[in-house]
Amino acid sequence: MKNNQLQRIKEIYNLAVHGEVTPMDLDGMSLHAKCSAIYEVVDALRQKLPQSKYGTARHTRDALSVIVDSFSASDALIHLQDQRRSYFTSAMNSNDYSYHRDVIGNWQDIEDDALLETTILDISKLHAKTYLLGMADVIPTKYAFTNTPPDMLKLNIRNLGGFTGNLKENRGTIRLEKGGEAQFRNPAFILNTVHHETTHAIQFALASAFHHGQIRHDHLLYDDARMFHALEVNKAIVPSGLIKETERHAYEHQVHEVLANSEGEALSAILLDLSR
């Protein structure tokens, strides 16, 4: 990274911790510089630096919101999601997935967790395969169903699931919580969660394809793959648990979270409708 970009990161960090960040302050910053700034400001919040000096970190969380809002998905990706959602719906409505629709329709009456978990795996894999077709390879993904005791879950943190990926090994893990407030037996909740996390797996697959030189400049989703890769390598993630419940903009408006929330809500609603 060039020296002028390193200086910009320091400037944004100081503004975020000690003052105010405006959209104009980000002008001229590279993609990786903005990602690095997110990482540094998140680290300051973790260390409670703003709180220790000013008694509050609200201005720093507001600064994160400004930086986060400077990222956006391409029109091509938005259009692709809409198109592939239609393909996914057609596939789920076919005879090949009639059994899965039956399971979803009777979700709360089925006592066999293994059957529910298998159904989740199948529809998640269909989601990833459909959305990545012709765009990037589906990465090998492990599914981990956890049942954390309620008293072990951190207070005030939505801990329903998560995705983690390894760029070097080109693989990922989707974790789905069955305990606490996860409401595994509520199909609307669990389907929303699995498709939310599957969307993160799709984003990571694009980042990994970019990382391994499989996405060139003329690729339809080049800009998006480059952005997801930059977010990944710079660890530019605003954790849900770091943001107050009353100030969730910086978490919820992250481009990857906006896309995942959209798909989680849309696909879970479609599946419930098809399974009636």
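Reply: One term before the sheet: two strands count as paired if DSSP finds at least two bridges between them. Also, this is a predicted model.

Me: Fine. How many bridges join β1 to β3, and do they run parallel or antiparallel?

Reply: Six bridges connect β1 with β3, which covers residues 171-177, and the two strands run parallel. Thr-141, for instance, has Gly-172 of β3 as its bridge partner.

Me: What is the strand order in the whole sheet?

Reply: The order is β1-β3-β2, in an open sheet of three strands with mixed pairing. The edge strands are β1 (141-146) and β2 (161-166), each pairing on one side only. From one strand to the next the twist averages 15°.

Me: Which strands does α7 lie across?

Reply: Helix α7, residues 113-132, lies across β1 and β3. Its direction is at about 145° to β1.

Me: Which residues are closest to the centre of the largest one?

Reply: Leu-77, Gln-81, Tyr-131, Ile-202 and Leu-206, out of 13 lining residues. The elements giving two or more residues to that lining are α5 (75-92), α7 and α8 (187-211).

Me: And which element gives the most to it?

Reply: α8, with four residues. By class, the lining of the largest cavity has 10 nonpolar and three polar residues, and no charged ones.

Me: What lines the second largest cavity?

Reply: Ile-38, Val-68, Phe-71, Leu-231, Ala-236, Gln-254, Val-255 and His-256. Six of the residues in this lining are nonpolar, two are polar and none is charged.

Me: Now the helix pair. At what angle do α1 and α2 cross?

Reply: Roughly 35°, with the axes coming within 9 Å. Here α1 is residues 3-18 and α2 is residues 31-46.

Me: Is that crossing left-handed or right-handed, and which one applies to α1 and α2?

Reply: The crossing of α1 and α2 is right-handed.

Me: Which residues make the contact?

Reply: From α1, Gln-5, Ile-9, Ile-12, Tyr-13, Ala-16 and Val-17. From α2, Ala-33, Ser-36, Ala-37, Glu-40, Val-41 and Ala-44.

Me: How does the contact of α1 with α2 divide by class?

Reply: Nine of the contact residues are nonpolar, two are polar and one is charged.

Technical notes. Residues are numbered from 1 along each chain as its sequence is written. This is a predicted model: local features need pLDDT of at least 70, side-chain atom pairs count only at pLDDT 80 or more; totals for chains, interfaces and linings use all residues. Side-chain values use heavy atoms; hydrogens and water are left out. Axes are lines fitted to C-alpha atoms, for helices over the stretch in contact, and angles run from 0 to 180 degrees between N-to-C directions. Contact means heavy atoms within 4.5 Å. On a 1 Å grid over the protein atoms alone, a cavity is a set of points where a 1.4 Å probe fits but cannot get out, and a pocket is an open set with protein on both sides within 12 Å along at least five of seven lines; lining residues have an atom within 4 Å of a point. Ala, Val, Leu, Ile, Met, Phe, Trp, Tyr, Cys and Pro count as nonpolar, Asp, Glu, Lys and Arg as charged, and the others, Gly among them, as polar. A crossing is left-handed if the near helix is turned anticlockwise from the far one by less than a right angle, and right-handed if clockwise.
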